[in-house]
Amino acid sequence: MPKQDSINRRDFVTRFMRDTNISYAQANLVYDSMTRIFEDAITTGATVRVGRVGAIVAVRRPPREIRMGFEVGKGRKVKKVTRIYNLDSRMSFSFRVYEKFIQSHSLHWFDREEDTSIS
């Protein structure tokens, strides 16, 4: 797999073709089917298990009250005011890498960090 920040459709299709000896058209069908499965699971809030690597997990955030203690008025003047907003329930998603995968693979997450040291 090439060293890059993201993997796109072309990378998946090329890999499907190489690993399974299928045509470009068939590889595109496999990719489209795979992405529809992800879409269906995510829209329902289901956990998506990705092989031996990890899982996309839906986390429901409860509704909460937000209090702001200021208001920006005309002329960008800040006035002290108590305002209360209600934030509805919401979903967020995280990718959790399986511990067994982390222990059995050499991860290169930080290999491409820029050198921030002063020369």
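Biologist: In which helix is Ala41 found?
Modeller: Ala41 is found in helix α2. Please keep in mind that this is a predicted model.

Biologist: Is Ala41 buried or exposed there?
Modeller: Ala41 has a relative accessibility of 15%, and because buried means under 20% relative accessible area, the residue counts as buried.

Biologist: And what does Ala41 touch, leaving out residues up to four places away in sequence?
Modeller: With those residues left out, Ala41 touches Ala46 and Val48.

Biologist: Staying with Ala58, what is its bridge partner in β7?
Modeller: In strand β7, Ala58 has Phe93 as its bridge partner. Val59 stands opposite Ser92 in that strand.

Biologist: How many bridges pair β2 and β7, and in which sense?
Modeller: Strand β7 covers residues 90-97 and pairs with β2 over eight bridges, in the antiparallel sense.

Biologist: What about β1 and β2, how many bridges join them?
Modeller: Three bridges join β1, residues 48-50, to β2, residues 54-61. These two strands also run antiparallel. Within this pairing, Arg49 has Ala55 in β2 as its bridge partner.

Biologist: How many residues lie between the strands of that hairpin, and which residue takes a positive phi?
Modeller: The hairpin of β1 and β2 has three residues between the strands, and Gly51 takes a positive phi near 50°.

Biologist: In what order do the strands form the open sheet?
Modeller: The open sheet is formed by three strands in the order β1-β2-β7, with antiparallel pairing. The edge strands are β1 and β7, each of which pairs on one side only. From one strand to the next, the twist averages 25°.

Biologist: Which strands does α2 touch where it packs on the sheet?
Modeller: Helix α2 touches β1, β2 and β7, and its direction makes about 140° with that of β1.

Biologist: Changing topic to α1: how many residues does it have, and how far does it reach?
Modeller: Helix α1 spans residues 9-20, which is 12 residues. It reaches 16 Å from its first C-alpha to its last, close to the 16 Å expected at 1.5 Å a residue.

Biologist: What happens at the start of α1 with Asn8?
Modeller: A side-chain oxygen of Asn8 comes to within 3.1 Å of the backbone nitrogen of Arg10.

Biologist: And which residue takes a positive phi just after α1?
Modeller: That residue is Asn21, with a positive phi of about 60°.

Biologist: Which residues of α1 are buried, and what do they pack against?
Modeller: Asp11, Val13 and Phe16 are the buried residues of α1. The buried residues of this helix pack against α2, residues 24-44.

Biologist: How many aromatic pairs does a search of the whole structure find?
Modeller: The search finds two aromatic pairs. One of them is Phe12 with Phe16, a tilted pair at 6.1 Å centre to centre with 45° between the planes. Phe12 and Phe16 are four residues apart in helix α1, so about one helical turn separates them.

Biologist: What about the rings of Phe12 and Tyr31, how far apart are their centres?
Modeller: The ring centres of Phe12 and Tyr31 are 5.6 Å apart and the planes stand at 45°, so this pair is tilted. The pair links distant parts of the chain, with Phe12 in helix α1 and Tyr31 in helix α2, 19 residues apart. Tyr31 is buried, at a relative accessible area of 14%. Phe12, Phe16 and Tyr31 form one aromatic cluster.

Biologist: Last topic, the chain as a whole: how many helices and strands are there?
Modeller: The protein chain has three helices and seven strands. Read from the N terminus, the elements run α-α-β-β-β-β-β-β-β-α.

Biologist: What percentage of the residues count as buried?
Modeller: Of the 119 residues of the protein chain, 11% count as buried.

Biologist: And among contacts between residues at least 6 apart in sequence, what share join residues at least 24 apart?
Modeller: Among those contacts, the share is 41%.

Technical notes:
Residues are numbered from 1 along each chain as its sequence is written. This is a predicted model: local features need pLDDT of at least 70, side-chain atom pairs count only at pLDDT 80 or more; totals for chains, interfaces and linings use all residues. Side-chain values use heavy atoms; hydrogens and water are left out. Two strands pair if DSSP finds at least two bridges between them. The expected span of a helix is 1.5 Å times one less than its number of residues. Buried means under 20% relative accessible area, exposed over 50%, partly exposed in between (1.4 Å probe, protein chains only). Contact means heavy atoms within 4.5 Å. A polar contact is a pair of N or O atoms within 3.5 Å; within protein, one must be able to donate a hydrogen and the other to accept it, and residues adjacent in sequence count only if both atoms are side-chain atoms. Axes are lines fitted to C-alpha atoms, for helices over the stretch in contact, and angles run from 0 to 180 degrees between N-to-C directions. Rings of Phe, Tyr and Trp (its six-membered ring) pair if their centres lie within 6.5 Å; planes under 30 degrees apart count as stacked, over 60 as edge-to-face and the rest as tilted.
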